[in-house]
Amino acid sequence: MTSKNKRVCKECGRSFTASAKWDYELCEDCSIVLYERMEKFWITEVLGLSEVLDRFLPSLPRKLFDIALKKYAPIGQYDIFDANSEKELQKELRGAAAVEKERLAKKVPFRTAKCKKCGTPYTVDGLWQYNICQKCAVQEVLDWRAYWAKQVPGIGTARAGFDIPPIEVARYILD
């Protein structure tokens, strides 16, 4: 590796060696944290749902993560970052998120369905394509976690060494 690939993370200040394809001043650990923050933004603020439903929802659009990375681009690639740039970045991020949400929602024709668990009517579109409503989906995830907590004491902790397996959402997909 050349010294060109040695960088200092703008977030944590640690030095790191970047791969030739990574053009940002953000270390791997901080990029993971940024991705998780963006995922939370996508699920809670854009889609307006609970993070518990992450397995049921469309993943974070790459475009949103790319916009968030602009803050960590080398000087010269974008204008020098300041408070105004942060506001502009947030504005661009929210605008792109709204467009992505709209695009995904229109992928499947909008219709109303009845939940197979509770019978409540709910909306089916490109964002939610399951035979249960979102409220019942949250309960399914919580029940799944409780089941595994009973089966394997300490699961999901460092002591146990492994996490609860992800819930299989395919069984809830509409026919």
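Which helix holds Tyr-147? In this predicted model, Tyr-147 lies in helix α4, which covers residues 134-151.

## Tyr-147

With a relative accessible area of 44%, Tyr-147 is partly exposed. Ile-164 stands 17 residues from Tyr-147 along the chain, and the C-alpha atoms of the two are separated by 9.6 Å.

## Helix α1

Helix α1 takes in residues 28-46. Its 19 residues, at 1.5 Å a residue, should span 27 Å, and the 25 Å between its end C-alpha atoms agrees with this.

Several residues of α1 are buried: Cys-30, Ser-31, Leu-34, Met-38, Phe-41, Trp-42, Ile-43 and Val-46. In an α-helix there are 3.6 residues a turn, so residues three or four places apart point the same way. Just after α1 comes Gly-48, with a positive phi of about 70°.

## The largest pocket

Rolling a probe the size of a water molecule over the atoms shows where empty space is left. The largest pocket holds about 240 Å³ of space. Helix α1 gives the largest share of its lining, with five residues.

The lining consists of Glu-36, Glu-39, Lys-40, Trp-42, Ile-43, Glu-51, Asp-54, Leu-57, Pro-58, Ser-59, Leu-60 and Arg-145. Sorted by class, six of the lining residues are charged, five are nonpolar and one is polar. Trp-42 and Ile-43, both part of this lining, are also among the buried residues of α1.

## Aromatic pairs

The count of aromatic pairs comes to nine. In the pair of Trp-128 and Tyr-130, the ring centres are 4.9 Å apart and the planes stand at 70°, so the pair is edge-to-face. For this class the planes must be over 60 degrees apart.

Trp-128 and Tyr-130 are both buried. Together with Phe-56 and Tyr-172, they form one aromatic cluster.

## Cysteines

A disulfide is a covalent bond between the sulfur atoms of two cysteines. How many disulfides does the structure hold? The number is zero. The cut-off for the two sulfur atoms is 2.5 Å.

For Cys-27, the closest cysteine sulfur is in Cys-30, at 3.5 Å, which is too far for a bond. Cys-27 is buried, with a relative accessible area of 5%, and Cys-30 is buried in α1. For Cys-118, the closest cysteine sulfur belongs to Cys-136, and the separation of 3.6 Å is again too far for a bond. Cys-118 counts as partly exposed, at 41% relative accessibility.

Technical notes. Residues numbered from 1 in each chain as written. Predicted model: local features only at pLDDT ≥ 70, side-chain atom pairs only at ≥ 80, totals over all residues. Heavy atoms only, no water. 1 Å grid on protein atoms, 1.4 Å probe; cavity = no way out; pocket = protein on both sides within 12 Å on 5 of 7 lines; lining within 4 Å. Points joined across faces, edges and corners; volume = space filled by probe spheres on them. Helix = DSSP H or I, 4+ residues; strand = E, 2+ residues; numbered from the N terminus. Nonpolar A, V, L, I, M, F, W, Y, C, P; charged D, E, K, R; others polar. Expected span 1.5 Å × (residues − 1). Buried < 20%, exposed > 50% of the residue type's maximum accessible area, 1.4 Å probe, protein only. Phe/Tyr/Trp six-rings, centres within 6.5 Å; stacked < 30°, edge-to-face > 60°.
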